Amino acid sequence: MAQWHSYICLILLCAGYFNVVDGKKTLLSLNQQQFISILQSGKTSLIYFKRATNPSIRLFLQQLEKSSESLEEYGITAAQVNCATENVPKYCENEDVLKKAYLFRGNIMLRSFATDTLFDVDAIVANVLFILLFNEIKYVSSLVDLHDIENDMKGRGDVIFTFVRAIGVPEHRAIMETAFVYGAKYQFVLTTEQSVLEGMDPKDPDKLSARLWFCHCKMATDRTQPCKRSYLEQPLTTVNIHYYLKVLEAPLVMEVTVGPEKVSTVHVRLKMPVVFLFTQRETYEHDRITAESVAWQLLGRAGVVLVPRTQLQPNVPADVTVGYQPVGGDSSINYLVITSVEEIVDLVKGEVKNVSTREQDDEEESEEMDFIGIQDDEVAEAIYRDRWRELDVDLVPALTDSSFPASLAATPHVVVLFYTAWDAVSMAFLQSYAEVATRLADMKDLVLARVNCGDWTDVCSKENVTQFPAVKIYIQGENPLLYTGMLGTQSLLKFIILSKVANPVLLTSTEDVEAYLRGELHRDLKPQWDISIVGLLSPDMKQVHDAFVEAARFLRGTVGMGLYAQKDAIYLSQKFGVSLPALVFVRHEESHIEGIHLDKSSTEDIVFAVKSAMLETFPEITVENLPSYFHPLKPILILFIDNDDTKTLKAKAELAELTKLRNVQIYTMCWIDLRNTHVGKEILQVYLNYLPQLPALVLVHLSSGSQVFAFPEGQLISRVGVLHWLKKVQTGQEDPTNLLQGKEWSPPQTTYDFLAIMDSVRPGFAKQRTPNSAKREDAYEEEEHETEQMSKSSEEDDHGEPAAESKRVYLHGTTPKPPDKEKKMQHEFHNEL
């Protein structure tokens, strides 16, 4: 029976061999009716419509023929239609028919591929499966996008993230074939952007051609818990990925009740090393934790098995702690005395710790941090330092071209951040934006979302977003509001809250006006509602009414405004001591109602009057509010303080009283607390060239030679003393303490000469010419000579002689050069991703 069995196997092998040799599959050729039948069958097909067979097309058809068997395994038919004999409407009539192959699912054309991107079997299979698995595989271009997907999968499933340098390479095909099998079990994510790898901690990202990470998100039950990541060390082939996933599906630590010699795990079957850790009842919990720690560090490299000491053979020494079954060895197990987890990991990895190497790495890291410390852009530097920090953007969903309009239609108020992942300011502001979303999470009629303009350029273009970052608030039935304030949490929070209130609020009685001024109509907004402004108009002031309404709409989100345009508005104006049309306002901290007569009635004038009313007469200057108070044509009188002693409080009180005098309103009077605004100390140092005793009073004339005057240090800051000092400054009796010098804001480091760097690697590659007249003339003559040569070459081409093949530049990260022939590389497919 054994002999007959051998004969049967030999016959089957020979039959299979001759079937492969003699029955070599050729590319299917279709006529017009067969093409229509395939479309009507509902099957997937890759069709090429040919007219002629030049050498490049012949090469493509050979590769398409070779790939037909592989595609058939996935239910895809590869075929050709000869347009010289078959007139298929639409496709055979296309002038570019020779340059593209078409993928159909039934009678729906899913995608057209440039033939240059289908240069071999791997590229054909990878590109076709990529389109068919569009819903199973997500493409990301930034680490933030990957975090979004991980957050969405937490507690639900695991993520397989892969990097390949180009679409269509063998590693890309391996990923696509794996996704075809495991797409329903795992969420596959793909990128060709090397910048994404900066957050994945590869040892040498520049040398990576492909890499696969397994993100363990299913075990992350807490939304704030990051997904653990492990990666496949072997080359990315279909077999290696399959083996790796089989290992990950096995238990992290296997517990047995038999001796190590009788254990059979998936690691043993895959010929991987196995580590046996021994435990006893008294130390079980500690041993279990140790085993899990070892297993995580050796995940994908070796299996970890926890064995009771009672199951060891009598000849095993009592002091052994680890059993090790090496890769590729026989079933014998080495029993070792190892005292630390690191030694176990080193044993499996075959590495020996090298202290000198580690110290050298520390020195290199220190040098890198020193270099980072002198970056030109402080925002970019901060983002780089925090590059490992994962942003909590769970409450800020990422919108796409399809979900953007749907989100606007579903919620009354939608706040959208438009940003780009490569912009440092955008990424810094994203943290503040996420904090605002957390504080407003309880509002049911408000949603904060974001759009990555690097991915969805069409959305940002339609919304007229021309700078980043940009925040717009979409209110149903109204034009969107653009946020133009400071890129901070508090400013944005105030803008969003105030934007929810209609502006202006139409008041119908004098009682409503007084209640509005007291802040009683919006008590819930009191933390953000620091000033109430009401416009008083008579009913016949139609032009002023329209201008006020337009101004209120323009200022929505900045300040709350009421409008009272009734017949008895005249009585309120008399009560508040101002003539119509007027603005009356009250700062809630002061409870004193003030009035302003509107001399001019245009929208711009009303906006200016409102903004002026919002300014305090003696404010504390901070980084956030400085733009509101800074006026380059007005002298600035600044009081610098750093404590709340009697002398300081007296000085503040005296200056506050001084602001009520009309003759000092030509100055912008303010104060800076160095405890709150630390940059104030540097400002004072620049103004005076030294740091005086505080409190210090400084007058800066920016409009007249940038003169700086300092109030005498030993003199008490009082109303009389300050007025006398200001008069001496005005009459020229006081000499300036300092003159501010114009400063050139140049980068602290010289710019890189990238052309010189290229020349140092490849001399003459990027040589620069000096722009003098002689060299320009030489260049012109050289250009004329080259033009003549090109003209001659063109004439030779017209007579049938081939011209020299031009040099081509291949785009990095799109499609690689074919090994057997230089081809034009197109990046259309990568751009569409």
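Colleague: What should I know before I start?

Modeller: The model is predicted, so local features need pLDDT of at least 70 and side-chain atom pairs count only at pLDDT 80 or more, while totals for chains, interfaces and linings use all residues. Residues are numbered from 1 along each chain as its sequence is written, and side-chain values use heavy atoms, with hydrogens and water left out.

Colleague: How many helices and strands does the chain have?

Modeller: There are 27 helices and 29 strands. Both are DSSP runs numbered from the N terminus: helices are H or I with at least four residues, strands are E with at least two.

Colleague: And how much of the chain is buried?

Modeller: Buried residues are 42% of the 833. Buried means under 20% relative accessible area, exposed over 50%, and partly exposed in between, with a 1.4 Å probe and protein chains only.

Colleague: Now serine 538. Where does it lie?

Modeller: In the loop between strand E21 (531-536) and helix H18 (542-554).

Colleague: Is serine 538 buried or exposed?

Modeller: Serine 538 is buried, because its relative accessible area is 16%.

Colleague: What does it touch?

Modeller: Gln566 and Leu580, not counting residues up to four places away in sequence. Contact means heavy atoms within 4.5 Å. The serine 538 side chain also makes a polar contact with the side chain of aspartate 540, at 2.4 Å. A polar contact is a pair of N or O atoms within 3.5 Å; within protein, one must be able to donate a hydrogen and the other to accept it, and residues adjacent in sequence count only if both atoms are side-chain atoms.

Colleague: On to H18. Which of its residues are buried?

Modeller: Val544, Ala547, Phe548, Val549, Ala551 and Ala552. Their cover includes E21, strand E22 (560-564), strand E23 (582-587) and helix H20 (603-614).

Colleague: New topic. At what angle do H14 and H16 pack?

Modeller: Helix H14 (residues 424-439) and helix H16 (residues 489-499) pack at about 50°, with axes 9 Å apart. Axes are lines fitted to C-alpha atoms, for helices over the stretch in contact, and angles run from 0 to 180 degrees between N-to-C directions.

Colleague: Which residues meet there?

Modeller: Among them, Phe429 and Tyr433 are on the H14 side, with Leu492 and Ile496 on the H16 side.

Colleague: Last one, glutamine 297. Where is its place?

Modeller: In helix H9 (residues 284-297). Glutamine 297 counts as partly exposed because its relative accessibility is 35%. Leaving aside neighbours within four places in sequence, glutamine 297 is in contact with Val341, Val345 and Lys349.
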